[in-house]
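Take a look at it first, then read on.

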Amino acid sequence: MLEVLGLQVRYGSITAVRDCNLTASAGTITAILGANGAGKSSLMKAISGLAPTSAGMVRVDGTDVTRMSTHERARFGISHAMEGRRLFHRMSVEENLKLAWDFRNRGGVFSQALDQVFARFPILAERRASQAGLMSGGQQQMLILSAALIHKPRYLLLDEPSLGLAPVIVQQIFSVIEEVRREQGTTVILCEQVAALALSVAQQGYVLRRGEVVQSGPAAQLAADPALSAAYLGA
Ligand SMILES: Nc1ncnc2c1ncn2[C@@H]1O[C@H](COP(=O)(O)OP(=O)(O)O)[C@@H](O)[C@H]1O
Ligand SMILES: [Mg+2]
């Protein structure tokens, strides 16, 4: 279980997240919804240690990880696939995966992990020697997801995985996310501006507006709520 308690994220005078409380139960998918600028990425970054926490706590399986570095949190089992296709664009598919593998060196055999990636996304096997930056947006998103999954994390944070992708690729990405949850028991926290999409795979959801949680509940309940879209008007 991952808990966010009274979390605040500030950048100088800007408060991006305020008094945020959230619980992601083990083995479930949690959707974080909200318009552009609502604070979704800041919340995700605070969970993985990439953004400063000025108040509150992130607790993972009962352990307070708020003062741990990103690296320590990665070793703890938290993996973060950031928004905007953060890849090493000049490196190949395989080199990108190797870097992700080395970031959290826990032993194990890289070639086996690579085989698992390629079994899931055969197109990445075909493109293993291609420069990451020259691939299509969909293939880059598959690579990002694969890099985040390469250590079979217990917690997977995904920042707008559908952004800019064709519907058929979005479908493929989301079915892999569901498969990972089902087969590996991974706890997923997923943020999206496309509410219907995220709620179709999630068990529970939270709606952020100007850094605050304005609505939360079971995904089915949020999906059926006509007032939900109103919460999106203005960030
Ligand atoms: N590194 C930063 N420095 C200053 N302000 C930032 C930074 N990152 C985000 N912000 C601000 O914090 C707010 C929330 O941004 P963000 O977390 O990126 O929202 P979202 O992911 O929902 O679009 C916005 O007002 C944004 O301009
Ligand atoms: Mg964002």
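## Before you start

This is a predicted model, where local features need pLDDT of at least 70, side-chain atom pairs count only at pLDDT 80 or more, and totals for chains, interfaces and linings use all residues. Residues are numbered from 1 along each chain as its sequence is written, while chains are lettered from A and ligands numbered from 1 in the order in which they are written.

## The sheet

Six strands make an open sheet, ordered β6-β7-β8-β3-β9-β10, and the pairing is mixed. (Strands are DSSP runs of E, at least two residues; helices are runs of H or I, at least four. Two strands pair if DSSP finds at least two bridges between them.) β6 (78–81) and β10 (212–218) sit at the edges with a single partner strand each, so one side of each has no neighbour in the sheet.

Strands β3 (residues 29–33) and β9 (residues 204–209) run parallel, joined by four bridges. Ile32 stands opposite Tyr206 in β9.

## Helices on the sheet

Helix α1 (residues 40–48) packs on the sheet and touches β3, β6, β7, β8 and β9. Contact here means C-beta atoms, placed from the backbone, within 7 Å.

Helix α6 (residues 137–149) lies across β6 and β7.

## Around ligand 1

The shell around ligand 1 includes Tyr11, Ile14, Lys40, Ser41 and Ser42; a residue is near if its C-beta atom, placed from the backbone, lies within 6 Å. β2 (14–24) and α1 are the elements giving two or more residues to this shell, and α1 has the largest share, three residues.

Definitions and conventions:
Contact = placed C-beta atoms within 7 Å. Axes fitted to C-alpha atoms, helices over the stretch in contact; angles between N-to-C directions.
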